[in-house]
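Let's take a walk through this structure, starting with some aromatic rings and working towards the core. Have a look at the model before reading on.

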Number of protein chains: 2
Amino acid sequence: MKTLKVIKIGGNIIDDEQVLNHFLERFSKIEGPKILVHGGGKLATKLANKMGVEVKMTNGRRITDADTLDIITMVYAGKINKNIIAKLQTKQCNAIGFSGADGNTIVSERRPIKDVDFGFVGDVLKVNTNTLEVLLNAGVTPVFCAITHDENGQLLNTNADTIASELAIGFANIFKTELYYCFEKNGVLQNVSDDNSVIEHINSENYKALINDGIIADGMLPKLNNCFHAINHNVDKVCIGKPEMLFKSNIKYTTIQG
Amino acid sequence: MKTLKVIKIGGNIIDDEQVLNHFLERFSKIEGPKILVHGGGKLATKLANKMGVEVKMTNGRRITDADTLDIITMVYAGKINKNIIAKLQTKQCNAIGFSGADGNTIVSERRPIKDVDFGFVGDVLKVNTNTLEVLLNAGVTPVFCAITHDENGQLLNTNADTIASELAIGFANIFKTELYYCFEKNGVLQNVSDDNSVIEHINSENYKALINDGIIADGMLPKLNNCFHAINHNVDKVCIGKPEMLFKSNIKYTTIQG
């Protein structure tokens, strides 16, 4: 069985052209089938400001109204995705950009309204691997932006971490799948201000303790939920850390264990 | 040999959601391999106005500066393309959006500066059919926006008519290819104000006379040059008219003959 690497990058890589270029240079050299998933970075907020579209929040969480969805579609699927694709093509990496609507690859449902109406935000229901598998076997690298669709014509803003974990899970019976969350820290840290305090292994046992002790909190909680969701659904390896974890052998990072 | 239909639609279809929906409904029912190519319509200009990006013209022709290229990439490859894809998926048409950078499908060069520097505008050099052929044979419908790349990381704004003709030519040795330019008129008209005065056949002979008589002029000249370029490079059928020419048998339209 071949190994498929699903790699998610966030704003710290996307927002800096030099950093992005350096990452893509190394990404392009990864052998075997691979999928890149990117978030949106600060560009969407910048465009919203330029266009006078207000960033709407409820209980501290962002709401995706119709104007915001338009902006996200333009920035994520348009500007960021196409520029990544053009850059990868210069590095002999034959990439094709995807939203979940393309090839009907990722189907989601609009998040049900409980306390908060998040607007056009999608929770993933299903990954269709067949078209992607044809492309991966033809040596093509799919590059996903954080947009899915509901099969009724509605695009939906979808968490990029979730897209990455669902893709890895979707392929787990076809490939040996590995999921890498690249971000600005060396991994999950024991002490948030000490980048050397990497917790190298997290399993369901010490996870609870880390939450209880407040070491894993806020934005790290949904990320780790995605990690456990993947490792509990046959993904072979789930890692969090700096992109260097993909390219160097002497780098510390966090590995999630079931 | 299977028949591949390459169909280009313009602003008159894209700018009106009902018209677009009706077109996509019928497009999705076309059997056999097909490729859709879309221009940008009025949305790019609207976004430029909202963002305060000036539309720059030289000698009456639009210049694509860096800001304009960003807008075009966001609107064409983002908003318009992804909404078309999401709509086609509701109609059991498994579509994937493409710029020329995706799959390295269309390579262009920045238009050389003679009298005018058109900015980031590309003239097509090469179409790579292999990845597209894999997808077409898997029943996938590629949907192209009017953006290409130069293989050096630069996206380039490229005429949608040209993209359609170059795709048709590129596939002419793999499929029997047919090229359809859909626009707001019934075809090339003898009398521009009479939609019933369709010139049903244009060949290289009467073409010259039609130019000399001023019947073919302005924007129709490059469109017809694309038509002749295609028919002279092994494209089997080249037609100009309303979209109905694709779906009804009793409709007049213009056919280009070599």
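F175(B) has a relative accessible area of 4% in this predicted model, and since buried means under 20%, F175(B) counts as buried. F171(B) is buried too, with a relative accessible area of 0%. These two residues, F171(B) and F175(B), form an aromatic pair with 5.8 Å from centre to centre and 50° between the planes, which makes the pair tilted.

If you search the whole structure, you'll find ten aromatic pairs over all chains. Take F23(B) and F27(B): their ring centres are 5.8 Å apart and their planes sit at 25°, so this pair is stacked. Both residues belong to helix α2 of chain B (residues 17–28), where they are four residues apart, or about one turn of the helix. F23(B) is buried at 1% relative accessibility, and F27(B) is buried at 0%. Over in chain A, F23(A), F27(A) and F247(A) make up one aromatic cluster.

Now for the core. The largest nonpolar core has 168 residues, and L167(A), I202(A), L224(A), L167(B), I202(B) and L224(B) have the most contacts inside it. As for L167(A), it touches residues including V6(A), I35(A), I106(A) and F144(A).

Helix α7 (residues 204–212) and helix α8 (residues 220–231) of chain B pack at an angle of about 170°, with their axes 13 Å apart. That angle is over 145 degrees, so α7(B) is roughly antiparallel to α8(B). On the α7(B) side, S204(B), Y207(B) and I211(B) make the contact, while α8(B) brings L221(B), L224(B), N225(B) and F228(B). By class, that gives five nonpolar, two polar and no charged residues.

Note on methods:
Residues numbered from 1 in each chain as written. Chains lettered and ligands numbered in written order. Predicted model: local features only at pLDDT ≥ 70, side-chain atom pairs only at ≥ 80, totals over all residues. Heavy atoms only, no water. Core = buried A, V, L, I, M, F, W, Y, C linked by side-chain atoms within 4.5 Å. Buried < 20%, exposed > 50% of the residue type's maximum accessible area, 1.4 Å probe, protein only. Contact = heavy atoms within 4.5 Å. Axes fitted to C-alpha atoms, helices over the stretch in contact; angles between N-to-C directions. Helix = DSSP H or I, 4+ residues; strand = E, 2+ residues; numbered from the N terminus. Parallel < 35°, antiparallel > 145°, perpendicular 65-115°, else oblique. Nonpolar A, V, L, I, M, F, W, Y, C, P; charged D, E, K, R; others polar. Phe/Tyr/Trp six-rings, centres within 6.5 Å; stacked < 30°, edge-to-face > 60°. Lists of a residue's contacts leave out its neighbours within four places in sequence.
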